[in-house]
Amino acid sequence: MNRYGSTTERKYRKKATRTRKPRTARQTSKLPTFVGEAPATPIPVKEAGQFGRINILNFKPTAEDGVYAARVEIGEQFTVSAQVFMEGRAKVGATAVLKNPRGRIMARVPMQVENAGLDLYTVNLQAGEHSTLAPWDEGFDDVKKQLGNWKVAIEGWEDSYGAWLHDARIKVDVDSDVENTLTSGAEMLGRWAGTRDSNLDAAQRKTLRDAAKQMMDTTLDAKTRLGFADNAEIEALHESNPLRDGLTQSADHVFHVERPKSSFAAWYQFFPRSEGAYIDENGKKVQGNFHTAVSGLERAKAEGFNIVYLPPIFPIGVTNRKGPDGALHAGPDDPGSPFGIGSELGGHDTVDPLLGTMDDFKAFCQRAHELGLEVALDFALQCSPDHPWVKEHPNWFRTKPDGSIAYAENPPKKYQDIYPIDFDNDLEGIEHEVERIMNLWIDAGVTIFRVDNPHTKPVRFWQDVLAAVTKKHPEVLFLAEAFTRPAMVRALSYAGFTQSHCYFPWRNTREELEQFLQETNGEGGFYQHNTFWPTTPDILTAYVRDGGVAAHAIRAVLAALGSPSWGIYNGYELIENSQRSDAEEQSQNEKFEIKVRDWSAADKIGISELLTSLNDIRSKHVATTSYHNLTILPSANGNVLAFARQTDAQFTPDGKTDTLIVVVNLDPFNQQQSSIHVDAEALGLPTDHPYHVKDQLTGREYDWSWDNFVSLAPWADVAHVFHVELDDDADADSDEANE
């Protein structure tokens, strides 16, 4: 028996690793794992509140006491952390154990000390294999098998070898209690060699036993005897097959792994009825349809977007139809708002005949898929007074004391063309109908739903519906258009919404943007995936209104590189920035009328070229794909924002760290200059000599170091998007400098 108890107690021990020195990302091209899989079972933390032999606390990410799973895209780099410690001066080690949805251990990855004083250990993980396959692609079924609830557990153990070696070096050096020290070390090596669960092979066990025997040779001096245990060969075994005393495992923490493009997405919104629209010989607008709307698909593809988003395509009601800019009375030629859903022609399960037939829509989706584009459909759960549900399910609507159905209101705003749903009378019936309708459109080719105003419906309703739909179609994604209180937005994310609209359009100063970028790309990014849209049909801020082309360029750069998911509402390329006097949205709003656009004018402005460049950068740099890799860089000028995105080498296709440095002039009117500080050591960049950066927008190249000068003018370049380019020699120099 030793101080860890009997042989029966020792059977719970398992192979382990000592915590490694922090490494730069270029030192490895894959997740480090232990040799083999440990067959023994560690001592678990049996129930909440019960400590194991090793203490494991404060696992992150977590929210709501772990009730809701953190979320990551398949193949995405993500970081977990925990406090791992034990009593006294003893050293500990920690490992993250990654399990797939079937419970199979996919990796045991050594954790690194982030903050020794806080006992904080961190590790970067990757669940599943990165993929760009779309739901209709051959091979996507293999991707689907990797989706679902993965689990991460933390293993902690006493690092007996590391602790002994630390003390032994000191004692031998000062000749203090040397014999006892070396004897205990030899006994430890022998015990290490005899452990069944360390996965040592015969040669490795012999190495440890030989070292233990040689340490007991009292004819040799103390330093020579210590050297048998303090050398590169034993250190390598400690790295790969360590002795893990008192091994303790935390509870499993769930990560919901979602399919490709669940968080890394580039949206492009257009109204099919405006695509191909023209003015006839009588001066009347003739709307487009699904055939002419293929031009919108081709424009989205040319600009590098991968999702096309359509507003509701259902029949539009006649009763209380709104006129231009929401006027109370519509003229005979006014098409009405597509959000006033339903007429005698049908409701949410019917294609507006003015756009075409269901077969036309399926052909539209098929063409989108051929171009590599997903189709997102707006799902607005509300009804025109003419919707079939009003007669078929009158209990689904709230009535006033006078017996009339209440239309939608947000005082002082009134939406007389819309009846909201009352969920208190037949929640189950409404859920089943919505599930039926969503499945119908999925079968037609829709893979994403953008849900209008989900915060005005019960969160439990969405939780039920989204769970039912994704059980049958796990590839389907949901975007919440919920401009409301933070708690509601987060609750909708917990309920199953994959992405969220957010308050990015109103974050314009450097301080506002720095805070919002960190919120979006911090721990909250495990639960709420903010999608950055500079404008929408409902949003046109004063910044974009007044800043002209430069403001459009600035906001596009911030949106495309500030979040893995971003979107553009068409017309942005044409600088459509005329604002209504009574609302923060566009005048001559496309929600209420058909737009006839001259797309040839976009070539003279240059925004479409910028959008294409930004999407090209995003497609080539894996650093743009994650909600968990952004670092704010200090800037000396309040009008200049800078941040870095970095993905470690083990998570990149070429095995090299991908680092982008983005610098943006937030002033659309004036030239701004600033110094930008880069913590080279923290980012694993060369610390003793400059490194090379190349602007991905202009191709210009510079040498950067710790502090760097930039000058950006709105009439020239509003931003730099630098890629840090390190050749193999520079990589080696950087690694050596960081050891």
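In the predicted model examined here, the strands β18 (408-410) and β19 (413-415) each contribute at least two residues to the lining of the second largest pocket, strands being DSSP runs of E with at least two residues and helices DSSP runs of H or I with at least four, both numbered from the N terminus. The volume of this pocket is about 1,300 Å³. Its lining comprises 36 residues, among which Asn410, Lys413, Tyr415, Asn453 and Asp538 lie nearest the centre, and by class the lining holds 14 nonpolar, 7 polar and 15 charged residues. In this classification Ala, Val, Leu, Ile, Met, Phe, Trp, Tyr, Cys and Pro are nonpolar, Asp, Glu, Lys and Arg are charged, and the others, Gly among them, are polar. Grid points are joined across faces, edges and corners, and a volume is the space filled by probe spheres set on the points.

Residues are numbered from 1 along each chain as its sequence is written. As the model is predicted, local features need pLDDT of at least 70 and side-chain atom pairs count only at pLDDT 80 or more, whereas totals for chains, interfaces and linings use all residues, and side-chain values use heavy atoms, with hydrogens and water left out. The average pLDDT (the predictor's confidence in each residue, from 0 to 100) is 90 for the protein, with 92% of the residues scoring at least 70. Over residues 1-39 pLDDT stays under 50, and the model has 138 contacts beyond four places in sequence for this segment, a contact meaning heavy atoms within 4.5 Å. Residues 729-739 likewise stay under 50 in pLDDT, with 17 contacts beyond four places in sequence.

The secondary structure of the protein amounts to 18 helices and 33 strands, and the C-alpha trace spans about 110 × 60 × 45 Å along its principal axes. Of the 739 residues, 56% are buried, where buried denotes under 20% relative accessible area, exposed over 50%, and partly exposed the range in between (1.4 Å probe, protein chains only). Among contacts with a separation of 6 or more, 77% are between residues 24 or more positions apart.

The search of the whole structure returned 2 cavities of 30 Å³ or more.

Lys261 is located in the loop between β11 (253-258) and β12 (265-269), and it is classed as buried because its relative accessibility is 14%. The C-alpha atom of Lys261 is separated by 9.0 Å from that of Leu133, a residue 128 positions apart along the chain.

In helix α13 (residues 486-495), the buried residues include Met488, Val489, Leu492 and Tyr494, and their cover includes β3 (70-73), α12 (459-472) and β23 (499-501). Just after α13, Gly496 adopts a positive phi of about 130°. In helix α8 (residues 294-302), Val294, Gly296, Leu297, Arg299 and Ala300 are buried, and these residues pack against β12, β15 (307-310) and α9 (358-370). Gly304, which follows α8, likewise has a positive phi, near 90°.

Further backbone features occur in loops. Lys60 and Pro61 are joined by a cis peptide bond with omega of about 10°, Pro61 lying in the loop between β2 (55-60) and β3. Asp175, a residue other than glycine, has a positive phi near 55° and is placed in the loop between α3 (160-174) and α4 (178-194); Asp175 counts as exposed because its relative accessibility is 63%. Gln588 has a positive phi near 50° and lies in the loop between β25 (565-569) and α16 (602-605).

Key:
1 Å grid on protein atoms, 1.4 Å probe; cavity = no way out; pocket = protein on both sides within 12 Å on 5 of 7 lines; lining within 4 Å.
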